[in-house]
Amino acid sequence: MSQAIPTPPVAAPPPVEPVTGRERRSRLAGFLFITPALIVLALFLVYPAYYTIRLSFYQSDFLFNFTHWVGLDNFKNLLTNDPDFLDLSTFPPSGSLVNNVRWVIFYISLSLVFGLGLAVLAVRVRYERAVKSIVFVPMAIAATAVGIIWLFVYSPDINQGVLNALLHAFGHDPIAWLGRDDTVNYALIFAYIWASTGFVMVVLSAAIKGIPAEIMEAARADGAGEWAIFWRIMVPMLSLPISIVTIWLFINVIKVFDIIYVMTGGGPGTSSRVIAFTMYYETFPNLKPGYGAAVAVIMLILVLPVMIVNVRRFRSERVIT
Amino acid sequence: MATYEQAAPLAPASRSERAVRFVTRTPLHFVLIAVSVIWLVPTVGLLITSFRPNSDILSSGWWNGLTHWHWTLANYGTVIHANGMGHAWLNSLIITIPATLLPLTLGALAAFGFAWVPFPFRDTIFLAIVALMIVPIQTSLVPLLKLFRQWHLSTPHFGIGAFAFVGIWLAHTAFGLPLAIFLLRNFFITLPKDLIEAARMDGASNFAVFRRIVIPLSVPALASFGIFQFLWVWNDLLMALIFLSGEPSRQPMTVRIPYLLSTYGPEYHLLSAAAFLLMGLPLIVFFALQRYFVQGLLAGSVKS
């Protein structure tokens, strides 16, 4: 890839070389190629983001006008005065921000553990492709359908929900997984892990297959056990793909909405709401667009570090090439 | 270079070695098969349910459907006709096809500009687009809804109903473009420089180079972004919910299915059939083009 990158045109064009007509035309052509995309991005992505940031400092109405300047009040209310968003007075703390922290911790770590574990184990058997396909397929399924699938699995009716049928078979009473505030978040998180593990597995599996065989053989010849090989060789060599997958999972988890909308609607009560759900709820059903905009801005702030990492990585890559 | 994959399967030499190998590997097989079952059961359960009559669904678990064959297509008929899922399926398609082709076209044009046509501030603009890749949809919903109302991009024009979808097409295009430009530019840049220089020497214009050389050589990359965008738009709930839920006749399946849930409670004979109608097309696309999908995933994550 390195040799193919053309030299950046802006980087010090030699002053002796006169700008020919052909070059000037080519400069214009470059802009012509990117202009349609830039217009769409500016109108439908950048301008709306600016509008939302501005709106977060206002109280707004159902027409989304800047009705009344309130400064930082929306943010202050969210963080200190809205138990549905953040409530530190109870134990454990609650609110959609806290729920999202739960999602970050359990969804990311378990997806990584399952994905990496499957990638490492599946490579050792002949039916690797079959296992990988089975785990990967949910990637193509809409979150709406994932929601229906798992609603059915968790059904409290022992004639429908396979999980409660199993509990019943072992003599346990059925549990309303989605109806109790102490289980609902974990039930949702597991359904989403089921849908995402395939991605982690496929990416890490490709990375594992790229590890040179000599390294493995040398380690085995030196008497290293499989466990030591996993921790001392594979994990360090996979650190880059693991970090990239983690970033992907993080962005996914900050934006998680569909599955909660379908499976619980944020309930019971407000106990399974997350940030993105609160943004939707405050803006549309609750008709407080300014307040909802503040939630959207908090989401943007949460993914900002990822944006910086991406841009940095891209730049450093260019320096190397 | 030999890789780990090729080195993994070691042929056992003797019978006793084979026995030892079998015993030590049993837990491995057990774990992998258990995981496969856990990953399959939820989907299979719902699939079987979608073919069972409602009376059976209410009186016995789907696993009984495996031994007592009494299957029917009636659930599909009901959701397609009585619940309007057939219409919603068409809406999903009307939304998805332009919302896939538009970012693919604009993205390819821009990516070619970034890869092969020098112009001022090229790298700065490209970095800005990389940065836009992770902007959450939530930051655009409200202003876009207002914009679409003001510019009448969510109502039919000239008696053509499809014009009502212009707004959501453009919104999906804007959200797909940064990834499209990023993936395609990274692919275009790996094309042989000599080929493109030679064409230019022969007097080919930039657009001719784009159309005759770059596009035909980039089918895998175009396909992988196309699949991503197709799956993303078809499976999207949030944007459709915000931009289209006001008009029931324009709702796609993802918006329509949760309504089933809220009107009737969990009626699984309808929900299961609707869910599989929703999953059908993406699964076909996915299996037919899985190779490109995985290539795109790896290009977008590992290699970058």
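Analyst: In chain B, 6 residues of domain 1 are in contact with 6 residues of domain 2. Contact here means that C-beta atoms, placed from the backbone, lie within 7 Å. This is a predicted model: local features need pLDDT of at least 70, side-chain atom pairs count only at pLDDT 80 or more, and totals for chains, interfaces and linings use all residues. Residues are numbered from 1 along each chain as its sequence is written, while chains are lettered from A and ligands numbered from 1 in the order in which they are written.

On the domain 1 side of chain B that touches domain 2, helix 2 (15-50) and helix 3 (54-59) each supply at least two residues. Helices are DSSP runs (H or I, at least four residues), numbered from the N terminus. Helix 2 of chain B gives the most to this side, with 4 residues. By class, this side of domain 1 of chain B has 3 nonpolar, 3 polar and no charged residues. Nonpolar covers Ala, Val, Leu, Ile, Met, Phe, Trp, Tyr, Cys and Pro; charged covers Asp, Glu, Lys and Arg; the others, Gly among them, are polar.

The domain assignment of chain B gives domain 1 as 4-72 and domain 2 as 80-303. Such bounds come from an automatic or database domain assignment. The centres of these two domains of chain B, taken over C-alpha atoms, are 35 Å apart.

Now the helix pair. Residues A:T144, A:A145, A:I148, A:I149 and A:F152 of helix 5 of chain A meet B:Y268, B:L271, B:A275, B:L278 and B:M279 of helix 14 of chain B. That contact has 9 nonpolar, 1 polar and no charged residues.

Key
Contact = placed C-beta atoms within 7 Å.
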